[in-house]
Amino acid sequence: MAGSGSAHLRGDAAILSVEDLEVEYHTARGAFKAVAGVSFDLLPGETLGIVGESGCGKSTTGRAVLKLDPIAGGRVRYREDDIVAASPNRMRELRRDMQMIFQDPVSSLNPRRSVKELVMEGAAIAGVAKSKRDAEAPEILTQVGLPSERFAEMLPRQLSGGQAQRVAIGRALAVQPGLLICDEPVSALDVSVQAQVLNLLEELKAKYDLTIVFIAHDLGVVRSFSDKVLVMYLGKTCEFGDSIEVYARPAHPYTRGLLDSVPSPESEEGFAGPALGGDIPSPLSPPSGCRFRTRCPIAQERCATEEPEMREVRPGQYAACHFPLD
Amino acid sequence: MSELLLEVTDLHAYIGSPRGVVKAVDGVSFEVRRGEALGIVGESGSGKSVMARAIMGLMPARSARTGELRFDGKDLLGLSKQDLRQIWGPEIAMVFQDPGRSLNPVVRIERQLTEGMRRHLGVSRSEANSRALDLLKEVGVPDPERRLRAYPHELSGGMRQRVMIAVALSCEPTLLIADEPTTALDVTIQRQVLDLLRRVQRERGMSLMLISHDLHVVAGRTDRTAVMYAGRLAEIGGSHDVFEEPQHRYTSALLGATPSIEHQRHAPLDVISGSLPSPTDPPAGCRFAPRCAAASAACETEQPPMVDVGAGHAAACFHPVNMKEGELVGR
């Protein structure tokens with residue numbers, strides 16, 4: 001869309017279903033919707049990549065699923081539970097099954113706890129006895145590639161970024177979740193370490209049948225890691241579909257522009273296509289109609305007055321655009 | 001006038017730390033030609049940023065530089081602070097990663113743009129003001145008349161970086177060093193800024209050193225690329241050659257670890273196992289040997305020399321990619 005609509009949802013088979021989600025932030029200059037009518041869903045065992053630039057609402061969306069940010073409108077269903085209506089007590093139980101990994105691994109770990117305590121933190125809150133936690137910690141550490149003998153007693157400041165992210169992954173897995181929401185989990189890491197962490201996530205996903213929401217601004221990482229991809233812009237959805245097909249044949253001009261902004265050493269000018277002009281508008285005063293129209297190379301009059309809805313442009317591929325690309 | 005603008009010969013830049021001397025740059029040699037764009041690629045800890053600062057003479061306290069730095073015939077290492085002030089701006093200018101922190105938050109854009117010109121070029125205030133306007137136009141800042149009166153916080157990140165580039169260009173430098181200029185920016189804005197750098201470099205016939213952790217960013221928009229690892233140069237050559245036919249095992253491993261557009265869904269990525277060596281006590285031989293799948297006994301004890309494989313493409317590797325097993329290059 002930058003528009004709304006939920007034509008791309010796949011019904012009851014989904015483990016997580018988000019429909020017309022709205023999240024509002026209140027600032028000194030008034031309230032604005034960081035997420036303004038976003039819909040997506042995940043089938044069990046699927047990985048959904050959510051991509052977009054600053055201010056598109058991708059992180060807010062991830063947080064809202066866990067109700068870490070207040071939901072202003074829409075519906076969120078996880079398995080049989082209505083997240084919007086769930087009581088704080090029920091949410092606490094549900095968050096055991098829906099774990100989150102954050103971008104900055106070091107600041108998301110308590111600096112005074114040892115690695116061994118950190119990975120079992122969730123289990124401790126869930127009421128697992130200390131003797132059992134101590135017995136299980138080495139196995140989890142081994143699984144995330146941190147041999148217990150060397151790492152169990154270390155503090156977060158003694159870890160590298162990649163090691164800290166492994167601790168965060170171990171902590172999430174220790175409570176055996178069904179859903180893992182990863183918010184830019186490798187953005188702060190060097191390329192060589194990034195690959196290690198991505199491989200680890202793939203490995204654990206297969207082993208534990210995880211369903212993953214993978215939020216990232218780096219398009220290269222998302223394509224092969226995800227089954228489906230959701231492209232967001234200024235709190236709205238632009239495109240949804242099979243990640244490899246969307247990358248090969250984007251239907252939304254914004255998706256096209258994003259992909260053409262990925263540096264490509266093969267092409268003469270260093271990029272595959274022309275640049276998108278302009279700046280990302282402020283989410284405080286988004287453009288009317290399609291929110292992408294101010295930067296869109298093919299925008300028409302209609303785009304300023306009518307917000308596009310998600311619709312199927314090819315089997316399984318949906319775009320919120322009045323003039324989708326071929 | 002020599003074709004070479006900057007000659008770096010066996011440069012060492014050491015920094016004192018509580019844990020010992022950090023050998024951030026440890027014997028690096030290369031040159032920058034007039035009018036060329038040279039990319040410098042490396043991960044954290046490779047020494048790429050310290051090297052840029054060593055060239056500028058912006059080293060922290062408790063640090064030392066040795067080797068040779070010749071810029072346009074001048075010996076940069078021998079220059080006093082006073083002399084360096086004459087170099088910064090009209091000779092070498094630098095753009096940093098975080099445009100928010102490089103601009104003075106309480107000074108309007110116009111004065112930040114004209115300060116250098118008034119000092120170094122000796123132009124009048126009105127002349128400097130009109131040049132400032134031209135500069136903002138050149139770097140593609142929309143509504144430039146209004147932006148001149150703005151403070152940095154009134155601009156977006158991408159706009160601030162354009163302004164930083166305009167400030168760097170204001171004294172017409174012969175060499176522009178851009179240290180991760182787009183890392184803090186969104187992809188579509190990164191794209192705009194990279195296009196801008198390449199355009200002004202070509203139009204002005206200026207030399208550019210583009211430093212990045214991302215080989216993809218550098219390869220497509222520079223003439224030559226140097227790859228750094230743990231304070232040393234691993235490889236240097238034509239950007240296309242380095243990207244298409246990497247010689248050093250580190251370069252090829254780095255490329256393999258980046259997901260490509262052909263990568264199979266859910267297939268494992270090639271990884272570089274282990275982590276960077278200690279910067280205070282680096283390995284005696286090749287710095288990459290402890291993580292290298294092709295390392296032999298020689299790699300652990302001897303530092304491989306830079307060996308030219310043709311067309312100015314050189315790598316410091318005993319076992320370059322595509323070399324038969326057991327064969328040693330450079331000894």
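At what angle do the axes of helix H4 (residues 109-121) of chain B and helix H5 (residues 125-138) of chain B cross? I started my notes there, keeping in mind that this is a predicted model.

I get a crossing at roughly 120 degrees for H4(B) and H5(B), with the axes coming within 9 Å. Angles of 65 to 115 degrees would count as roughly perpendicular and those over 145 as roughly antiparallel, so I put H4(B) down as oblique to H5(B). I noted the hand too: H4(B) passes H5(B) in a right-handed crossing.

Next I looked up who meets whom. From H4(B) I listed Glu110(B), Leu113(B), Thr114(B), Met117(B) and Arg118(B). Across from them, H5(B) brings Arg125(B), Ala128(B), Asn129(B), Arg131(B), Ala132(B) and Leu135(B). Sorted by class, I have five nonpolar, two polar and four charged residues in this contact.

**Entry: the annotated span**

I checked UniProt for chain B. The unreviewed entry puts "domain: ABC transporter" at residues 6-255. In the model, I find the end C-alpha atoms of that span of chain B 28 Å apart. Its make-up is 40% helix and 28% strand.

**Entry: where A touches B**

I then turned to the contact of the two chains, to which chain A gives 32 residues and chain B gives 36 residues. On the chain A side, I found helix H8 (191-208), helix H9 (219-225) and helix H11 (253-260) each supplying at least two residues. Which one gives the most to that side? I have H8(A) down for that, with seven residues. By class, I wrote 14 nonpolar, 13 polar and five charged residues for the side of chain A that touches chain B.

Conventions. Residues are numbered from 1 along each chain as its sequence is written. Chains are lettered from A and ligands numbered from 1 in the order in which they are written. This is a predicted model: local features need pLDDT of at least 70, side-chain atom pairs count only at pLDDT 80 or more; totals for chains, interfaces and linings use all residues. Two residues are in contact if their C-beta atoms, placed from the backbone, lie within 7 Å. Helices (H or I, at least four residues) and strands (E, at least two) are DSSP runs, numbered from the N terminus. Ala, Val, Leu, Ile, Met, Phe, Trp, Tyr, Cys and Pro count as nonpolar, Asp, Glu, Lys and Arg as charged, and the others, Gly among them, as polar. UniProt positions are given in the numbering used here, feature names are shortened, and annotations may be inferred rather than shown by experiment. Axes are lines fitted to C-alpha atoms, for helices over the stretch in contact, and angles run from 0 to 180 degrees between N-to-C directions. Angles under 35 degrees count as roughly parallel, over 145 as roughly antiparallel, 65 to 115 as roughly perpendicular and the rest as oblique. A crossing is left-handed if the near helix is turned anticlockwise from the far one by less than a right angle, and right-handed if clockwise.
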